[in-house]
Amino acid sequence: MNIDTSKYIKELSEVLKETANIVVMSHSNPDGDAIGSVIGLAQFLKRISDASVTMVSPDSLPGFLRWMKGAEEIICFDQNPGSVVKHIQEADLIVCADFNDYSRLGGLEKYVEESRARKVLIDHHPDPAISATVMISESSFSSTAELVFKLASDAVPGIISDITFSEAIFTGIMTDTGNFNFGSFDGDTLRIIAQLLDNGLRKEYITEKIYNNFSASRIRLMGFALNERMVVMPTFHTAYIYLSRSDLDRYNFKQADSEGFVNMPLTIDGIVFSVLFLERGDHIKLSLRSRSNFPVNRFSSKYFSGGGHINAAGGKSPVSLAETLEYFESLLPLFSEELKDAYIKTV
Ligand code: 5GP
Ligand code: MN
């Protein structure tokens, strides 16, 4: 996506003039775009400001992102709560990357909301619920990482030769587009990828780390989920997968082991709406995906306290897994026409 970044760069340099301590943070259960954007932004801010830059995450990084250059410097709230809170309290600028609603901060929202620091928002989700001094909210971008690249490379043209920056940006774009498979990537996105490759980016290494880095038990869980826990409802062009706590324990579930499962039912002919239900602690976590124009973000914000993009959203349910599934199935008839219309638009 091509945009004029001059206004954003000007606003950012204005706030940086009065800034000594910056905290860059992203959302809970961070994905490749969250961590890629945080690392990319930190590298960029260090180039254009003398302020100290601290990277923070509400949760520890999943195994498939720990190899990233710069990842070891991210302070995680679940491991070091005292240090994270102290940095937020001392910050005079908080940069929020890849989220636009404080409810996504998994326990950190209280400290961020209480903080008197000015805020910069840089994100690609629709309908921001945060009002920041600098609002860089562009929902047509494939990923926050692509937006960070556009901003940073317009402000500091040489930044592409910073390997930490370039690998972080590539990781964010690659993961948020499902390895260049879906989402709103376009020619401009691929021209960024081309520039990164021309600069010698370690493409094979990164792909190995992200996609060929799973445990055997994760692959077995995938087989089990597809064989035993997938419900296909052709009438509603919908399929869902559910995994209970004991299913997850049986396969030694680790954070992010279910990454990508929700996309699989969408490859079934006729299916345009897919949901993954995971039993987690005291709630059920939902991942929702769709094809064409069925808006899973609206569906999730209305019924499952969530949100996200039109074709990719998350949500949660406070009741049991069985009750959640029953409730979900009871909603489908209300969307019969919309789902049919979404299906017709795919063929
Ligand atoms: P995932 O299914 O991978 O957790 O999330 C898919 C998309 O929805 C991502 O863009 C993510 O940022 C967003 N998302 C996930 N969970 C939530 C949520 O609870 N609330 C909101 N507003 N967005 C979410
Ligand atoms: Mn993203």
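Buried means under 20% relative accessible area, exposed means over 50%, and partly exposed lies in between, for a 1.4 Å probe and protein chains only. The model shown is predicted, so local features need pLDDT of at least 70 and side-chain atom pairs count only at pLDDT 80 or more, whereas totals for chains, interfaces and linings use all residues. Residues are numbered from 1 along each chain as its sequence is written, chains are lettered from A and ligands numbered from 1 in the order in which they are written, and side-chain values use heavy atoms, with hydrogens and water left out.

**View 1. Serine 244 in the loop between strand S8 and helix H10.** Strand S8 covers residues 238–243 and helix H10 covers residues 245–250; helices (H or I, at least four residues) and strands (E, at least two) are DSSP runs, numbered from the N terminus. Is serine 244 buried or exposed? With a relative accessible area of 15%, serine 244 is buried, because the term applies to values under 20%. Apart from neighbours within four places in sequence, Glu279 and Leu321 are in contact with serine 244, contact meaning heavy atoms within 4.5 Å.

**View 2. Arginine 229 in the loop between helix H9 and strand S7.** A polar contact of 2.8 Å joins the side chains of arginine 229 and aspartate 247. A polar contact is a pair of N or O atoms within 3.5 Å; within protein, one must be able to donate a hydrogen and the other to accept it, and residues adjacent in sequence count only if both atoms are side-chain atoms. When neighbours within four places in sequence are set aside, the contacts of arginine 229 are Phe224, Tyr240, Ile241, Tyr242, Leu243 and Asp247.

**View 3. Isoleucine 173 and threonine 175 in helix H6.** Isoleucine 173 has 0% relative accessibility and counts as buried. Leaving out neighbours within four places in sequence, the residues in contact with isoleucine 173 include Ser142, Ser143, Phe180 and Ile192. The C-alpha atom of isoleucine 173 is 7.9 Å from that of threonine 144, a residue 29 positions apart along the chain. Threonine 175 is also buried, at 18% relative accessibility. Beyond neighbours within four places in sequence, threonine 175 is in contact with Gly32, Asp33, Ile210 and Tyr211. Of these, Ile210 is 35 residues apart from threonine 175 along the chain, with 8.3 Å between the two C-alpha atoms.

**View 4. Salt bridge between arginine 202 and glutamate 167.** Side chains of opposite charge can pair when their charged atoms come close. In a salt bridge, a side-chain nitrogen of Lys or Arg lies within 4 Å of a carboxyl oxygen of Asp or Glu, and the structure holds twelve of them. The closest N and O atoms of arginine 202 and glutamate 167 are 2.7 Å apart. This pair links distant parts of the chain, 35 residues apart: arginine 202 lies in the loop between helix H7 (187–198) and helix H8 (203–211), and glutamate 167 in helix H6 (residues 163–176). Arginine 202 is partly exposed at 35% relative accessible area, whereas glutamate 167 is buried at 3% relative accessibility.

**View 5. Salt bridges of glutamate 90 with lysine 86 and of lysine 203 with glutamate 204.** The side chains of glutamate 90 and lysine 86 meet at 3.4 Å, N to O. Why are glutamate 90 and lysine 86 separated by about one helical turn? The reason is that they are four residues apart in helix H3 (residues 81–90). Glutamate 90 is partly exposed, at 42% relative accessibility. In the other pair, the closest N and O atoms of lysine 203 and glutamate 204 are 3.5 Å apart. Lysine 203 is partly exposed, with a relative accessible area of 35%, and glutamate 204 is exposed, with 54%.

**View 6. The surroundings of ligand 1.** Ligand 1 is surrounded by 13 residues, the closest being Arg104, His125, Lys285, Ser287 and Gly307; a residue counts as near if one of its heavy atoms lies within 4 Å. Oxygen atoms of ligand 1 are found 2.7 Å from a side-chain N or O atom of arginine 104 and 2.6 Å from a polar side-chain atom of serine 287. A nitrogen atom of ligand 1 lies 2.9 Å from a backbone N or O atom of glycine 307. Taken alone, ligand 1 exposes 500 Å², of which the protein buries 82%, with areas from the Shrake-Rupley method and a 1.4 Å probe; for residues, only the protein chains shown count as cover. Strands S10 (283–290), S11 (307–308) and S12 (312–317) each supply at least two residues of the shell, and S12 gives the largest share, four residues.
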